Amino acid sequence: MTKVDGIATGVPRRTAVACGVVLAGAAAGCARYGGPAAPPTDAPAVENAGLVLGEASAVPVGGGAVFKEQKIVVTQPAKGEFKGFSAVCTHQGCVVADVADGTINCGCHGSKFGIEDGAVATGPATQPLPAQEVSVTADGKITTGPAQEAPQTTDPETTEPPPEEQTTEAPPPEGLAATGDIPVGGGKVFESEQVVITQPTEGEFKCFSAVCTHQGCTVATVTGGTINCPCHGSTFAIADGSVATGPASSALESRNVKVDGDQISLA
Ligand code: FES
Ligand code: FES
């Protein structure tokens, strides 16, 4: 097994949850398919450890490959030295397009990042791409997280017992906004949480991922009944996140929120 470089950092976790909350009903009766969206942090990206990205052979020496679905870019600055980074451009959140000429390149506004350390080579981005730990398995697959340990061969008597199961409930998420912050017929983008909350009709709150389904920019505004992406002009309906104007071709992902009194929080 090849141990490879990489520093774990938080790649914003994306969840797919059905949504729709009516003020009077507090917690909505909509199905949840994933956990709450975590705000971007420096927490290690252990939650997606072990995710198989693809073949190591797809990552050329001196270049790299973008795994768009997983939003991770893997480079190989020197033979056998693999590095992983978030593929979400730190400028406006597009997913980077390719790795060429020694840099990781964003197609939206031309930012480039070094394949060695993700540092900005060309703006307008000013922040490096966050590192993402990756490993290569014995059979040549790139996975997220650290290299997997060899199977346990120790005497079971000397084996440490498994850690106690976590029994404490995670603290409830803090209120994201007051209902009064969300205009009727409009909405508000919460950039750090990467969500947008809308109020299509009075008392009816909806929540969507703020990540544009075109190339991953963060949507910027809610005006004229749509959620608007600044990168290439896609707009999405505030009622259901569906595409109102392309180039995006799929709806914004729904997110689950709850309303408690006048406080809206991610569920
Ligand atoms: S250069 Fe990447 S989003 Fe603008
Ligand atoms: S990323 Fe292209 S329109 Fe949003």
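Which residue stands opposite Thr235 in strand 19? That residue is Thr245. The model is predicted, and its protein chain has 22 strands and zero helices. Of the 267 residues in the chain, 40% count as buried. Among contacts with a separation of 6 or more, 52% are between residues 24 or more positions apart.

- Four strands form an open sheet in the order 16-17-18-19, and the pairing is antiparallel.
- Strand 16 (221-223) and strand 19 (243-245) stand at the edges of this sheet; each has a single partner strand, so one side of each is left without a neighbour in the sheet.
- From one strand to the next, the twist averages 35°.
- Strand 18, residues 235-237, is joined to strand 19 by two bridges, and the two run antiparallel.
- Strands of a sheet pair through backbone hydrogen bonds, in either a parallel or an antiparallel manner.

**Cis peptide bonds**

- Most peptide bonds are trans, and most residues other than glycine have a negative phi.
- The bond joining Gly123 and Pro124 is cis, with omega about 15°.
- Pro124 is found in the loop between strand 9 (120-122) and strand 10 (134-136).
- A cis peptide bond also runs from Gly246 to Pro247, where omega is near 15°.
- Pro247 has its place in the loop between strand 19 and strand 20 (254-255).

**The loop between strands 3 and 4**

- Glu69 is found in the loop between strand 3 (64-67) and strand 4 (72-78), and Lys71 has its place in the loop between strand 3 and strand 4 as well.
- Glu69 counts as exposed because 10 other C-beta atoms lie within 10 Å, and the cut-off for exposed is 12 or fewer.
- The C-alpha atoms of Glu69 and Leu53 are separated by 9.0 Å, and the two residues are 16 residues apart along the chain.
- Lys71 is not a glycine, yet it has a positive phi of about 55°.
- Lys71 has 19 C-beta neighbours inside 10 Å and therefore counts as partly exposed; buried would require 20 or more.

**The loop between strands 13 and 14**

- Gln194 lies in the loop between strand 13 (186-190) and strand 14 (195-201).
- Although Gln194 is not a glycine, its phi is positive, at about 60°.
- Is Gln194 buried or exposed? Gln194 counts as buried, because it has 22 C-beta neighbours inside 10 Å.

Note on methods: Residues numbered from 1 in each chain as written. Chains lettered and ligands numbered in written order. Predicted model: local features only at pLDDT ≥ 70, side-chain atom pairs only at ≥ 80, totals over all residues. Contact = placed C-beta atoms within 7 Å. Pairing = 2+ DSSP bridges. Axes fitted to C-alpha atoms, helices over the stretch in contact; angles between N-to-C directions.
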